[in-house]
Amino acid sequence: MQNTADEAIAQKMRTENLSEELIGDFLSKVERVRQGEKGKVDWNHVHDLNPAEDEVSLEEIQEKYPAKKENLAKLAVIKLNGGLGTSMGLSQAKSLIPVKDNLSFLEIILKQIEYVRKKYSVEVPLILMDSFNTQKDCQALLAKVGFQQKLATSFLQNKVPRLLKDSYFPLSSDNPKDEWCPPGHGDIYLSLKETGILQSLLDQGYEYAFISNGDNLGATPEASILEYLLAQGLDFAMEMTPKTLADTKGGAIYRKTVDGKFLGLELLETAQVPTEFEHEFSGMGKFRTFSTNNLWVNLKTLQEKLSQGPLQLSLIVNPKNVAGKDVIQLETAMGSAIRSFQKTKGIIIPRTRFAPVKKCEDILIRRSDSYLLNEDYSLSVNPKRKELGLEENLVSLDSQFYKKIGDFEERFLIYPSLLECRSFKVVGEVIFDIIIKTKGDVIFENKTGKAQKVSSLQKTEFADETVHF
C-alpha cells in the first residue's frame, strides 16, 4: 500500500511538471507522517533563550552599525505574496486590497522600495514570491505604475497534493483546485533555487535577502541590520518582537537541548505545540517574544546548504476537510530554516516593524487612527498610543457580520477613532455611519436582531462602557 500511495503521489506531481527534487522532498515528509510524526515537538527539548548569546536589540544595532550606502547594493527584498485572503472572503490577491490612505499593500510596498532607492541612490530589488492565483494581477499592477528593475520581479511558489488522512493517497475531487495546496512559506528556499532567482542574485553581487510577509507593512529594509549581518558574518537572523495580549499564536525561537547538549536555535509554531502545553506557549512568561516572520538570509550560505539537498524544515501536519473528505496538508514554515544554519541570531525589534493583517479586525486597526503611514511608507502604531501607555488594540468583531471583507465594509462606513482605545468589541450587527471616539474598553452590543446605526445613539464619544441598542 505504501509504495502504491507514493507512486500515486509522484505520478500526480509529475503531471504538473513539478521537479524530482520537490517530489523526493515531499515523499520524505509523507514517510515521516507515516512513521508517526504529528508535527509536535518534544517539550523536554524546549528551553529558554540565552539573551546574551541568542539575541540582540535593534536599538543596539542602530547605535553601533550605521547604514552605509555601498552595502545596500548587497541587499535584495523578497515579499511573500501568494495569499488570496480567502479567510476574509477575498477572491484576488490580498495584497491588492486597500489598507491605508486608499493604498493597497502592494502599492505601499512599492513606495517603501522607491523611498529606499531614492534615499540611498541604490536600486534595491523587490521580488515577489507569488502563487498561480496572485501573479497575473500583481504583475499587472507593477506594469501599471511603471515599476522597473534589472532582476525579475516575481517567481512562483510550488504546490503539493492534499492527501487522504487514512491512506495518504492524493485527494481526487471534481474541482481540480481542491486537490492541491501550498506547501507553506518554507517552500521559498527550494523555489528560489529552482526558478534560478537565487543564482541570479548571487551573480549580480547580492549577499543577503530580507524576506517578509506581504501583509506586514512594518517590514521595511533596515540598513543597519544589514551592516550588523555583514560585520558579524551571520547566516540567518529572525526579527522578534515582545508579546502583548494580542499575540497568543505567533511562533517563537527556543534553544533545542537534548540530554543537556545545546543543538541550536529552532522555531516553534503554534501547530507544533502539544495540547497540554498550549497555555504555556501562548502565555507571557516562558516565551517573551515571538517571530514576526521578518528574516535575513545569507544567500551564499543558503546556496551551499541547498546544494546538499532541500533544507530540513520543521513539519506541520495541517488537518482539513476538503470536498467532504478528511485530508492532511503537509506544510513548512520558512522561519524553521534557522535550525539549518550555524551563525544565527534573534533580533528584538519594536512593534513599529510588525503590522500584519490576517483578518478584518486587523483591517479595522490598520485603517483607523491607531496606525500611521510614515515618511518611509512603513505602517506603524501611532506613537501617541505609547505616550498613553497603550499597546496593540484588542479588537473583536462578531464573526456573523464582520468576518468577510465585503460585510465588514458595508457596516464600517466610517472608521471609529481607536487612538485611545484599549479594547473594542462589537456584538451583533452595528453600522458605524458617523465619526465616533472610543477610549479605554468599549463594547457595542446589539441583541435586537436588526441592524442598528451608531448615529441613533445621539452621542459620539464612548469611554469604558458597554453600549446597548
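Okay, let's start with a helix pair: helix 6 and helix 7 sit oblique to each other, oblique being whatever is left once angles under 35 degrees are called roughly parallel, over 145 roughly antiparallel and 65 to 115 roughly perpendicular. The axes of helix 6, residues 105-120, and helix 7, residues 135-145, cross at roughly 50° and come within 11 Å. Axes here are lines fitted to C-alpha atoms, for helices over the stretch in contact, with angles from 0 to 180 degrees between N-to-C directions. Helices are DSSP runs of H or I with at least four residues, strands are runs of E with at least two, and both are numbered from the N terminus.

A quick word on provenance: this is a predicted model, so to speak of local features we need pLDDT of at least 70, side-chain atom pairs count only at pLDDT 80 or more, and totals for chains, interfaces and linings use all residues. Residues are numbered from 1 along each chain as its sequence is written, and side-chain values use heavy atoms, with hydrogens and water left out.

On the helix 6 side, L106, E107 and L110 make the contact, and they meet C138, L141, L142 and V145 of helix 7; contact means heavy atoms within 4.5 Å. By class that contact has six nonpolar residues, one charged and no polar. Nonpolar is Ala, Val, Leu, Ile, Met, Phe, Trp, Tyr, Cys and Pro, charged is Asp, Glu, Lys and Arg, and the others, Gly among them, are polar.

Now, what does helix 7 lie across? Strand 3, strand 6 (126-130) and strand 7, and helix 7 runs at about 160° to strand 6. That brings us to the sheet. Eight strands form an open, mixed sheet in the order 2-18-12-15-11-3-6-7, with strands counted as paired if DSSP finds at least two bridges between them. Strand 2 (55-57) and strand 7 (154-156) are the edges, each pairing on one side only. From one strand to the next the twist averages 30°.

Let's zoom in on strand 3, residues 75-81. It runs parallel to strand 11 (208-213), joined by six bridges, and parallel to strand 6, joined by five. Towards strand 11, I78 has I211 as its bridge partner and L80 stands opposite N213. Towards strand 6, V77 stands opposite L126.

How many of strand 3's residues are buried? Seven of seven, with buried meaning under 20% relative accessible area, exposed over 50% and partly exposed in between, using a 1.4 Å probe and protein chains only. L75, V77, K79 and N81 point one way, while A76, I78 and L80 point the other.

Over on strand 15 (289-298), helix 12, residues 299-306, lies across that strand and strand 11, at about 85° to strand 15. T289 is in strand 15, and T289 counts as buried because its relative accessibility is 8%. Skipping residues up to four places away in sequence, T289 touches M240, T241, P242, K243, A252 and I348.

A323 has a positive phi near 55° without being glycine; it's in the loop between strand 16 (315-322) and strand 17 (325-332), and it's partly exposed at 46%. D464, also not a glycine, has phi near 45°. D464 lies in strand 26, residues 461-468, and counts as exposed because its relative accessibility is 53%.
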